[in-house]
Amino acid sequence: MADLVIALDYPDARGALGMAERLKGADVWMKVGLELFTAEGPSLISRIKDLGFKVFLDMKFFDIPNTVRGAVRSSVRHGVDMVNIHLMGGERMARAAMEGLHEGAAGSGASPILLGVTVLTSMSQEDLPKGFSTTLPETVLQLASAGNSWGIHGVVCSGHEVVAIKNSCGKGYLCLTPGIRPVALGDDQRRTMTPAEAVQAGSDFLVVGRPVTGSDDPAQAAHAILEAMKQA
Ligand code: C5P
């Protein structure tokens with residue numbers, strides 16, 4: 001069964017922890033991104049974990065191998081259960097990130113997950129640098145396959161890319177998919193999927209933000225999505 005990850009897209013701890021409190025007891029993960037982590041730092045991670053949630057730290061690290069290794073190691077030492085890097089950083093960076101993951105978890109009994117970002121879903125073919133000879137879907141697949149051979153656990157991708165990635169990399173290679181919409185919201189997400197469609201495509205983690213956090217009853221909204229995932 002796939003897991004549901006709630007995107008805590010808040011500028012500060014007050015909003016994020018208020019939402020986490022309202023979702024307490026739900027079988028969901030929490031995603032902490034750049035804005036929230038930069039504002040509040042690692043203490044927020046422990047406070048979310050204290051409420052009983054697993055945490056995905058969505059920092060998309062991209063730097064020289066040694067720096068990324070240290071950043072991943074520090075993330076895991078803060079108790080983060082899943083963290084990500086940009087696969088455009090290449091093989092040495094990805095392998096260094098895996099070393100950091102293992103170093104951070106050493107002795108804790110934890111088995112954190114390292115995912116790679118292929119091409120941001122906000123990008124289109126025109127955003128790729130001139131001279132790129134492959135199409136965007138080919139680039140996504142090439143980076144996903146490269147990540148697989150470099151030993152990371154999976155990728156962040158559009159729900160529409162999951163089948164091709166699983167066919168090429170194997171079922172055990174994890175796919176985490178944002179852009180999940182139970183119903184059309186008319187917001188900024190474009191290539192969306194329903195929770196059932198994403199589960200049927202084989203996605204392992206579904207990231208949902210506003211359909212839950214913007215709902216009058218977030219716990220009920222999360223529950224409805226979890227039910228739809230179970231039925232799929
Ligand atoms: O509110 P919504 O459901 O659109 O939130 C989706 C979350 O997933 C946001 O935190 C967004 O930054 C993140 N995300 C995304 N597309 C990606 C990677 C991350 O929407 N390719």
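**View 1. A nonpolar patch on the surface.** Patches are made of residues with over 30% relative accessible area and no salt bridge, where like charges are joined within 9 Å and nonpolar side chains (Val, Leu, Ile, Met, Phe, Trp, Tyr) within 5 Å. Here F62, M88 and F132 make up such a nonpolar patch, and their accessible area together is about 290 Å². Areas of this kind come from the Shrake-Rupley method with a 1.4 Å probe, and for residues only the protein chains shown count as cover. The model is predicted, so local features need pLDDT of at least 70 and side-chain atom pairs count only at pLDDT 80 or more, while totals for chains, interfaces and linings use all residues. Residues are numbered from 1 along each chain as its sequence is written, and side-chain values use heavy atoms, with hydrogens and water left out. Look for F132 in the loop between β5 (113–117) and α6 (136–149); helices (H or I, at least four residues) and strands (E, at least two) are DSSP runs, numbered from the N terminus.

**View 2. The largest pocket.** Rolling a probe the size of a water molecule over the atoms shows where empty space is left. A pocket is an open set of points on a 1 Å grid over the protein atoms alone, where a 1.4 Å probe fits, with protein on both sides within 12 Å along at least five of seven lines; lining residues have an atom within 4 Å of a point. The largest pocket holds about 1100 Å³ of space, a volume being the space filled by probe spheres set on the points, which are joined across faces, edges and corners. Its lining has 44 residues, and T121, S122, P178, G179 and Q189 are the closest to the centre. Helix α6 gives the most to this lining, with four residues.

**View 3. The second largest pocket.** About 180 Å³ of space lies here. Of the 15 lining residues, G79, V80, D81, A110 and S111 lie nearest the centre. Two elements, α4 (65–77) and α5 (90–105), each give two or more residues to this lining.

View 4. Side chains of opposite charge can pair when their charged atoms come close. In a salt bridge, a side-chain nitrogen of Lys or Arg is within 4 Å of a carboxyl oxygen of Asp or Glu, and this structure holds nine of them. D58 pairs with K31, with the closest N and O atoms 2.7 Å apart. This pair links distant parts of the chain, with D58 in strand β3 and K31 in strand β2, 27 residues apart. D58 also forms a salt bridge with K60, where the closest N and O atoms are 3.0 Å apart. Is D58 buried or exposed? D58 counts as buried because its relative accessibility is 8%, as buried means under 20% relative accessible area, exposed over 50%, and partly exposed in between (1.4 Å probe, protein chains only). K60 is partly exposed, at 26%.

**View 5. A positive phi at K60.** Most residues other than glycine have a negative phi. In strand β3, K60 has a positive phi, near 45°.

**View 6. D204 with K166.** These two residues form a salt bridge whose closest N and O atoms are 2.6 Å apart.
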